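Thank you for making time this morning.

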Amino acid sequence: MTIHVDVVSATESLYSGAANCVFAPASTGELGIYPKHVALLSTLKPGEIRIETDKGIESIYVSGGIVEVQPDIVTIFSDTAIRAGDLDETKALEAKQRAEEAMSDAEGSQDISSTQAALAESMAQLQMISKMRGKKG
Amino acid sequence: MASGKEIRTQIASIKNTQKITSAMEMVAASKMKKAQNRMLASRPYSDKISQVIGHLAYAHSEFKHPYMKEAGEVKRVGIIIISSDRGLCGGLNTNLFRSLLKQVVQYQAQGIEVDICTIGKKATAFFKNTGLSIKSVLTDLGDAPHFDDLLGTVKVMLDAYDAGEIQQLSVAYNKFENTMTQVPTVTQLVPMVAGEVDGMEHHWDYIYEPDAEVALSALLVRYIEALVYQGLVENIACEQSSRMIAMKSATDNAGDMVQDLELVYNKARQAAITQEISEIVSGAAAV
């Protein structure tokens with residue numbers, strides 16, 4: 001009896017296929033998953049995922065993530081991003097700051113793309129005027 | 001009629017532009033291929049995580065995560081808008097913004113306010129003049145965005161949701177159908193609308209480790225980030241294919257213009273020669 005295993009990260013599929021059993025580094029301790037395991041959802045800590053198949057043992061390193069277990073499917077989401085509370089907070093603050101800059105920019109100095117838009121508009125107006133003149137003259 | 005020299009300079013300048021647009025077309029074509037590959041590579045993750053969310057909707061859980069609960073009355077919605085950093089890609093961004101503005105007007109008619117978060121310079125430049133409040137901005141992602149880059153932006157909006165400032169969060173981007181078609185799409189992120197899974201029953205629940213709240217939060221946040229990331233890579237593939245097509249038609253148009261101008265030029269040249277001959281002939285006749 002085998003269990004289907006998928007290991008995916010945001011940028012690629014790392015493993016997909018049948019296995020006899022899987023070992024994953026769950027946050028509360030090493031987890032051994034055999035076919036017909038009860039449904040389970042757990043976070044992972046950094047460590048090694050071992051997938052035992054008939055052909056041998058496949059080993060994949062994850063820096064964290066999530067494992068979902070259904071009786072016949074195991075899905076492991078590997079993190080590509082490094083997550084840390086403080087780091088995420090800083091990034092969020094940076095994003096907010098950029099928004100404030102953009103908003104305050106709206107009144108003051110203009111950036112290139114909005115100037116370009118204004119330029120295109122006045123060019124169109126000029127073209128229209130010269131066309132009208134051509135018709136009159 | 002313009003003189004021969006004037007037309008010649010005009011033809012030369014159009015040919016120069018044509019060279020640039022055809023080079024841009026080729027660059028966009030090769031970038032599109034890479035962007036499509038990246039888009040396909042990130043699909044397994046978002047497909048699998050959607051599948052798990054589908055399972056989760058069926059689980060008979062004691063704990064209901066706020067992201068999965070139906071929100072009460074909606075007073076304020078958040079929209080994450082994904083656009084390109086650069087222009088010259090046809091109507092790609094404009095189409096998205098136009099369909100979004102329609103939706104915003106609808107919201108406002110219902111008395112719902114809209115907070116936005118922009119990804120890409122074009123959206124930032126466009127929406128800062130619309131009077132909507134921009135909560136976060138992310139630009140200069142390049143052609144190969146990293147998952148990390150998104151975390152801050154998504155967190156700002158999710159924090160707002162957690163704090164009850166917004167009652168709904170969506171993401172707007174261009175969906176890549178094929179090289180010729182890009183469809184402006186708005187997908188609701190929270191509260192979640194889970195898909196149906198065949199053959200699933202309601203009489204079971206997961207074992208959660210370390211506990212339901214931590215495990216679910218970790219999963220749902222990743223799910224939302226995965227959807228936004230998928231939107232971002234699709235939008236980049238759209239940008240490149242749209243640019244390729246825009247540049248192709250620009251190159252074709254330049255070719256047509258050169259042809260027309262050459263015709264005018266030849267006519268002018270011929271007229272000049274005819275005039276010269278008739279002048280010589282009549283001069284000779286006078287002698």
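Over all chains the structure holds 12 salt bridges, a salt bridge being a side-chain nitrogen of Lys or Arg within 4 Å of a carboxyl oxygen of Asp or Glu. One of them is formed by the side chains of A:Arg50 and A:Glu30, with an N to O distance of 4.0 Å. Because A:Arg50 lies in strand β6 (residues 47-53) of chain A and A:Glu30 in strand β4 (residues 29-33) of chain A, this pair ties together parts that are 20 residues apart in sequence. Helices and strands here are DSSP runs (H or I of at least four residues for helices, E of at least two for strands), numbered from the N terminus.

Before going further, a word on conventions. This is a predicted model, in which local features need pLDDT of at least 70 and side-chain atom pairs count only at pLDDT 80 or more, while totals for chains, interfaces and linings use all residues. Residues are numbered from 1 along each chain as its sequence is written, chains are lettered from A and ligands numbered from 1 in the order in which they are written, and side-chain values use heavy atoms, with hydrogens and water left out.

Let me turn to chain B, which has five helices and six strands and reads along the sequence as α-β-α-β-α-β-α-β-β-β-α. Its C-alpha trace spans about 115 × 40 × 30 Å along the principal axes. The radius of gyration of chain B is 28 Å, whereas a compact globule of 287 residues would have one near 19 Å; the radius is taken over C-alpha atoms, and the globule rule is 2.2 Å times the number of residues to the power 0.38.

How many residues does each chain bring to the contact? Chain B and chain A each contribute 44 residues, where contact means heavy atoms within 4.5 Å. The area buried between chain B and chain A is about 3700 Å², and carbon and sulfur atoms give 65% of it; buried area is the accessible area (1.4 Å probe) that two parts lose on being put together, summed over both. On the chain B side, B:Tyr45, B:Lys128 and B:Glu209 lose the most area to chain A, together 18% of what that side buries.

Between the two chains there are 12 residue pairs in polar contact, both residues being at pLDDT 80 or more; a polar contact is a pair of N or O atoms within 3.5 Å, where within protein one must be able to donate a hydrogen and the other to accept it, and residues adjacent in sequence count only if both atoms are side-chain atoms. The largest share of the side of chain B that touches chain A, nine residues, comes from α1(B). Two salt bridges cross this interface, and B:Arg222 forms a salt bridge with A:Asp79, the closest N and O atoms being 2.6 Å apart.

Strand pairing also links the chains: three bridges join strand β5 (residues 40-44) of chain A to β6(B), running parallel, where pairing requires that DSSP finds at least two bridges. In this arrangement A:Ser42 stands opposite B:Glu209.

That brings me to the backbone. A cis peptide bond joins B:Glu209 and B:Pro210, with omega about -10°, and B:Pro210 lies in the loop between β6 and α5 of chain B. Another cis peptide bond joins B:Val190 and B:Pro191, again with omega about -10°.
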